[in-house]
Amino acid sequence: GNEGIAQGIDYWGKSVIGAYRYIPGPGWGLVTKIDIDEAYAGTTALRQRFFLLALVTLAVMLAAAYVVGRKLTSPITELIEKTKSITAGRFPVLVKSGRTDEIGELEENFNQMVLALDSARLQAGLKHEDLEKKVNERTDNLARANAALSRALEDIQRESEEKKALQ
């Protein structure tokens, strides 16, 4: 044809893109060429910049996700540790973060539960001490009554033996 674009290898052995056109007046053919590396240099640089920007964006997003994730999970982790303390018998263990979101509400409910458990534990301890005191008192009373019965039984046996001896 009279004009076109083609890709090929030039006389230096390099890949090139060339454009050609026939000029009818003088009967000339105009050919221009450029190395493919040179033609696509801007595109290659843009692709490298875009890739670098994508990597930086990904790194920033991962860092932000980590920070936000830690911010969300650290109060829950703290609640888990406080729960373990309570399980080990350490009372009262309260959480104080000052948050006003759902996690803050969970912490407030946790604190109320801990205080209620501590109060119930103390009341149960007092009742246990009171019951133990009553059991000890009754045990002492039974021991005295048992001793009195043993003495009375010994007196009865002695009197019985004395009666037999007199007969």
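Predicted model: local features only at pLDDT ≥ 70, side-chain atom pairs only at ≥ 80, totals over all residues.
Residues are numbered from 1 along each chain as its sequence is written, and side-chain values use heavy atoms, with hydrogens and water left out.

Back to I9, then. I9 sits in strand 1, residues 3–9. Leaving aside residues up to four places away in sequence, I9 touches K14, S15 and V16; a contact here means heavy atoms within 4.5 Å. Now take T87, which is 78 residues from I9 in sequence. How far apart are I9 and T87 in space? The answer is 79 Å, C-alpha to C-alpha.

That brings us to the whole chain. The protein has a radius of gyration of 49 Å, whereas a compact globule of 167 residues would be near 15 Å. That radius is taken over C-alpha atoms, and the globule rule is 2.2 Å times the number of residues to the power 0.38. Along the principal axes, the C-alpha atoms fill a box of roughly 170 × 40 × 25 Å. Of the 167 residues, 10% count as buried. Among contacts with a separation of 6 or more, 20% are between residues 24 or more positions apart.

What is the order of elements along the sequence? Reading along, we get β-β-β-α-α-α, made up of 3 strands and 3 helices. These are DSSP runs numbered from the N terminus, with at least four residues for helices (H or I) and at least two for strands (E).

Now for the strands that pair. Strand 2, residues 15–23, runs antiparallel to strand 3 over 8 bridges; pairing requires that DSSP finds at least two bridges between the strands. One example is Y20, whose bridge partner in strand 3 is V31. In this hairpin, 4 residues lie between the strands, and G27 takes a positive phi near 80 degrees.

Is strand 3 buried or in the open? Strand 3 covers residues 28–35, and of its 8 residues the number buried is 0, so the strand lies largely in the open.

Definitions and conventions: Buried < 20%, exposed > 50% of the residue type's maximum accessible area, 1.4 Å probe, protein only.
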